[in-house]
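Dear colleague,

I am handing over the structure that follows, and below it I set out what was found in it. Please look through it before reading the notes.

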Amino acid sequence: MKVTGLVPLLGVALCCCSGNAKADGASDEGKELDCSGYALPGCPKILDPVCGTDNLTYPNKCILCAENLKRKTNVRIKKAGKC
């Protein structure tokens with residue numbers, strides 16, 4: 001196969017396989033947070049870790065909400081506990 005035919009083929013492969021992950025860790029997957037119960041940006045110092053869809057561990061849900069507010073992202077909860 002000629003190089004000129006390979007370039008478009010690689011371009012199509014990259015478009016199809018790039019996934020839908022967003023650079024800031026925001027995702028349509030995971031559990032949506034309800035941040036209305038927190039007096040942000042102040043959060044309790046309770047250790048109840050959660051794993052965000054950005055694959056970072058947050059000390060608790062409130063801190064994840066505060067980080068979303070600060071960074072203007074929508075990272076969700078991937079699972080309870082550490083990533």
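Is C43 buried, exposed or partly exposed? With a relative accessible area of 23%, C43 is partly exposed, where buried means under 20% relative accessible area, exposed means over 50%, and partly exposed lies in between, computed with a 1.4 Å probe on protein chains only.

Before going further, please keep in mind that this is a predicted model, in which local features need pLDDT of at least 70 and side-chain atom pairs count only at pLDDT 80 or more, while totals for chains, interfaces and linings use all residues. Residues are numbered from 1 along each chain as its sequence is written, and side-chain values use heavy atoms, with hydrogens and water left out.

The structure holds three disulfides, a disulfide being counted here as a pair of cysteine sulfur atoms within 2.5 Å. In general, a disulfide is a covalent bond between the sulfur atoms of two cysteines.

C43 takes part in one of them, with C62 as its partner and a distance of 2.1 Å between the sulfur atoms. The torsion about the S-S bond of C43 and C62 is about -80 degrees, so this disulfide is left-handed. The pair links distant parts of the chain, since C43 sits in the loop between α1 and β1 and C62 in helix α2, 19 residues apart; helices (H or I, at least four residues) and strands (E, at least two) are DSSP runs, numbered from the N terminus.

C35 counts as partly exposed at 25% relative accessibility, whereas C65 is buried at 2%.

The disulfide between C51 and C83 has an S to S distance of 2.1 Å, and its torsion of about 110 degrees makes it right-handed. Here C51 lies in strand β1 and C83 in the segment after β3 (77-80), distant parts of the chain that are 32 residues apart. C51 is buried, with a relative accessible area of 2%, while C83, at 43%, is partly exposed.

Taken in sequence order, the bonded cysteines of the chain pair as 1-5, 2-4, 3-6.

With kind regards
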